[in-house]
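Dear colleague,

Here is the structure we talked about handing over. My notes on it follow below.

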Amino acid sequence: MTEHKVDLPQGTLNLLILRTLALGPEHGWAISERIHQMSSGVLLVQQGSLYPALHRLERRGWIRARWGASENNRRAKYYELTKSGRRQLEAEKSDWMELAGAVAQVLETV
Amino acid sequence: MIADLWIRLRALFQRKTVENELDDELQFHFERQVEKLVRSGMTREEARRRVGLEFGGMDQVKEECREARGVRLLETFIRDARYGLRMLGKNRGFAAAAILVLGLGIGANTAIFSVVNAVLLRPLPYPGSSRLVRVWHVPPAKSFPGMKIFSVSPANYYDWAAQNHVFESMAIYNYARADLTGLAQPEMVQLARVSASLFSVLRTQPMLGHAFLPEADQAGHDNQVILSHGFWQSRLGGDPNVIGHQLTLNGKNYTVAGVMGPEFRMMSTPVQIWIPLGWTDKDRATRGVHNYMVIARLKPGVRVEQAQSEMNAISSRLAAAYPEDDAGWGALVVPLREDIVGDVQPALLVLLGAVAFVLLIACANVANLVLAKTLARRKEVAIRSALGAGRWQVLGQVLSETVLVALGGGALGLLLAQLSTSAIVTSLAKELPRATEIRVDGWVLAFTLGISLLTGILAGFLPAWRLTKTNVNEALKQGLGKTDADSGGNRTRSVLVVSEVALSLVLLVGAGLMIRSLWALRQVNPGFDFRGVVTMGIALPQTKYAKRDQQSEFFNKVLRRVRALPGVVAAGTIDALPLGGSGSTQPIAIEGRPVQALSEQPEVAVRLISPGYVEAMRIPVVWGRDFNDADAADTEQVILISESMAREFWPRENPVGRRLILSFVPGVERTIVGVVGDVKAAGLDARQTQATIYVPMNQDPWVWLTLVARTSTPPSSLVSPITAVIHEVDPDQPVMDVKTMDGIVSDSLFDQRFEMLLLASFAALAVLLAAAGIYSVMAYAVRRRVREISIRMALGAQANDVLGMIISDGLKPVLVGIGIGIAGALALGRLLQSLIYGVRSTDPVTFVTVSLLLVVVATLASIAPAFRATRVPPVEALREE
């Protein structure tokens, strides 16, 4: 399959990151890999957009960070979802669904 | 939100750690990506190269992360500030000059603001002071022309207190002075006679002991006193066992019941001892004699307007119930702070405005200096812009320097203001209400910080803005040191000169008007000759001089001996000196005229004088005669009246021989034996003089009189001889308030003199700064035109002609500034109108003089640089490429 280097709008990237972390704490590289996998290779998040987004999410208090040992015993910075982050995820998810549905509807209508 | 703050703080204070963490994180990502590619079959080097390409612009990523962290702005500030400090360090001359100039400007502003803050802005030092009001009597306009407020009588006070629903509590008091004995030194002390309720109205209790009990308001239960903190410290050594201590005031014994805390002030009078009212029933019933002041605390939720309407209603009721005493009398409710400081508000605000102008001029001067510097750095700025620095970043850089300089000036100014605070307080303490509360506090610090920042931004803004408009190409092309066809800089300089001149002109007009006003006041004829007269006050203790003839005998003895002294031309006594701020009034009934109720009768000033007073003060005797020794207690009761009173009541006839009665002393008919000239007793700037009656001391003796002596030698030289004479008659009798009449007249003009001195100083400072500004602008402009000048001279132009041309070119912005300044001064002059006397705020003489002065100053400031330019040999000038 082709690899889209799709430029995600920041809001959408936030949503994807929060969704990924809902499955459990991850470090930055793993988040980008996971999004790549879960989108069947369509979405490739470059580190240039990933890390600024992670820092912004951290500032908003939706995710928190801590340093830990990675799989190969290297030091890595892990991110996990906070309670308010979980609430934000639900809110953004339903907003996105609503938006996507509406857009699809418009495109279908003759 | 807390997370946000935490992250920002970490980013700010642990920059290195945070930066390293970011590096580690990105490095980790890099390594994992490389591993992924290696596992899919690539070689390590190939993988590293691929990932390196993908990663590209690491710094960009880092930058975005930093931005995401949200401390960019502050980091930029800090970086600019550091850079600014380095640049200033290289340019110490500029920094020193700018800091000094701004320091003086900001310091003056801080000093004036600390006064305005303490006097006008800060709430009074009592809890809940915004609820405190003063209640005045309003006298009927007919009997008291021109008087809007008057003191209160006891009976009316009690009725007010009983009938109102708007005040939570009320208090009544007045001031007095008394002889204190029973302590180490006998002396005269300042008293306040207060109702027991005063302490609850002001919500302040004594620090030691207790306040007066309610029964202290009655005679017989009033033998307690409360001391001020200062008095307790200085006269009793701060003795902690002072409660119960005995002392004697005017011969009466009192016990100390309490001591007030160090911060307590009695409105604006420095009181040393508080005594209770001690009123008899008769005192309480007095309705027609008004000698007291009343304050009250509004009930919660009651507005001043409501209180005013209720007091109006109560006054009408009282006027109807007691027409004799109260017909036509109203009441006025004024918030207490406004009552105390309202008079000085216009003057202080004018000073605040004036000193702000001086600061603006200082800003313009600094802006000028900055302009010269920034133009030299155009190349640097051009390079920065080419490398991507935004306009705001360049602006920020320049501003950081001026803000740093301004903050330095602010620190200097704060120091100067702090050092001068005690001098300010001492010089103003007697004249300015609340002067003792002046100090540099948190608000003053905040103000200083605020205007320092504002000054820095203002001073740097114009030059910085110009700089950002630099054409990159042009700037990079030109060599250093070459004079550039830079008309923009010229315009900015002209703007600075115009504004400096305009601001200076407004200040000069203000100062000029005050000077003329003071001069006009000095020319006013007060009705007496105040030169060569010495005065001193004598207060006889009533216990020692209980009988009236003892009192008059004392003064007569003293006067006989004083008149015999060499150097004394004439001597007399009076109970209240003109311009002394005190003096009583009484209603009168004129013989042969229809009988009127007390409250309808005309009210006149009454003064007690001895023979010789009129002569000593050189008051002209218009008709009839002065008092003499034949006017004794047992002969016909005689009086003198003032000229205006004669004109008012006996318009076209000689009033000598007419009789009238002073209504507070009913049944005693007094015959007019003379008419004397009017005396401006209330103040040199008073528009009307009140009708005045003079009663002979021998026919109505009193214990407290002021001795007045005209001397042929300097007045102060006779103080000791006169004091010695008084002690011959009574060795224990102290004298007080020794002053020359000249000094008293001067003191009465203190406010105007003070305001004038300050405004004149500010104006002088402004002119100096403006002259410096014009000088430097001229020097710069002339340097640019050196080639042109030399060519002209080489072609035969005379030095004088060239000089004239340069100067007239330089004067163009000055003239524009004068024009704008005149317009501004005409508009703002109206604010001064209430402060000046005898001259209009549009006075043409002042305006013309000031304008000419500025033209002369500007010309002088321009001559030196212009002259030097004409001296440069043409060969050198042309070589300067």
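**Aromatic pairs**

Over all chains, the structure holds 14 aromatic pairs, a pair being rings of Phe, Tyr or Trp (its six-membered ring) with centres within 6.5 Å; planes under 30 degrees apart count as stacked, over 60 as edge-to-face and the rest as tilted. One of them joins F150(B) and W329(B): the ring centres are 5.8 Å apart and the planes stand at 70°, so this pair is edge-to-face. F150(B) is in the loop between β1 (132–138) and α7 (154–163) of chain B, and W329(B) is in the loop between α12 (323–326) and β10 (330–335) of chain B, so the pair ties together parts that are 179 residues apart in sequence. Helices (H or I, at least four residues) and strands (E, at least two) are DSSP runs, numbered from the N terminus. F150(B) is buried, at a relative accessible area of 14%, and W329(B) is buried too, at 8%. Here buried means under 20% relative accessible area, exposed over 50%, and partly exposed in between (1.4 Å probe, protein chains only). Elsewhere in chain B, ring pairs link Y157(B), Y158(B), W279(B) and Y292(B) into a cluster.

Before the rest, the conventions. The model is predicted, so local features need pLDDT of at least 70 and side-chain atom pairs count only at pLDDT 80 or more, while totals for chains, interfaces and linings use all residues. Residues are numbered from 1 along each chain as its sequence is written, chains are lettered from A and ligands numbered from 1 in the order in which they are written, and side-chain values use heavy atoms, with hydrogens and water left out.

**Salt bridges**

There are 32 salt bridges over all chains, each a side-chain nitrogen of Lys or Arg within 4 Å of a carboxyl oxygen of Asp or Glu. Three in chain B are described here.

- R49(B) and E46(B) form a salt bridge at 3.1 Å, N to O. Both lie in helix α3 (residues 44–55) of chain B, 3 residues apart, which is about one turn of the helix. R49(B) is partly exposed at 48% relative accessibility, and E46(B) is partly exposed at 29%.
- E168(B) and R203(B) meet at 3.2 Å, N to O. E168(B) is in strand β2 (residues 167–181) of chain B and R203(B) is in the loop between α8 (198–201) and β4 (208–209) of chain B, so the bridge ties together parts that are 35 residues apart in sequence. E168(B) is partly exposed, with a relative accessible area of 40%, as is R203(B), at 43%.
- R287(B) and D326(B) meet at 3.8 Å, N to O. R287(B) sits in the loop between α10 (281–285) and β9 (293–298) of chain B and D326(B) in helix α12 of chain B, so this pair ties together parts that are 39 residues apart in sequence. Both R287(B) and D326(B) are buried. With D159(B), they are linked in a network of salt bridges.

**The interface between chains A and B**

In the interface, 26 residues of chain A are in contact (heavy atoms within 4.5 Å) with 24 residues of chain B. The two chains bury about 2300 Å² between them, 55% of it on carbon and sulfur atoms; buried area is the accessible area (1.4 Å probe) that two parts lose on being put together, summed over both. W29(A), Q47(A) and R59(A) supply 36% of the area that chain A buries against chain B, more than any other three residues.

The count of salt bridges between the chains is 2. R75(A) forms a salt bridge with D24(B), with the closest N and O atoms 3.8 Å apart. On chain A, α2 (28–38), α3 (47–60) and β3 (75–81) each supply at least two residues of the side that touches chain B. Of the elements of chain A, α3(A) gives the most to that side, with 9 residues.

Chain A has 4 helices and 3 strands, in the order α-β-α-α-β-β-α along the sequence. Of its 110 residues, 42% count as buried.

In chain B, L759(B) lies in helix α25 (residues 750–784) and is buried, at 2% relative accessibility. Leaving aside neighbours within four places in sequence, L759(B) is in contact with V350(B), L351(B), A354(B), G510(B), A511(B) and M514(B).

Regards
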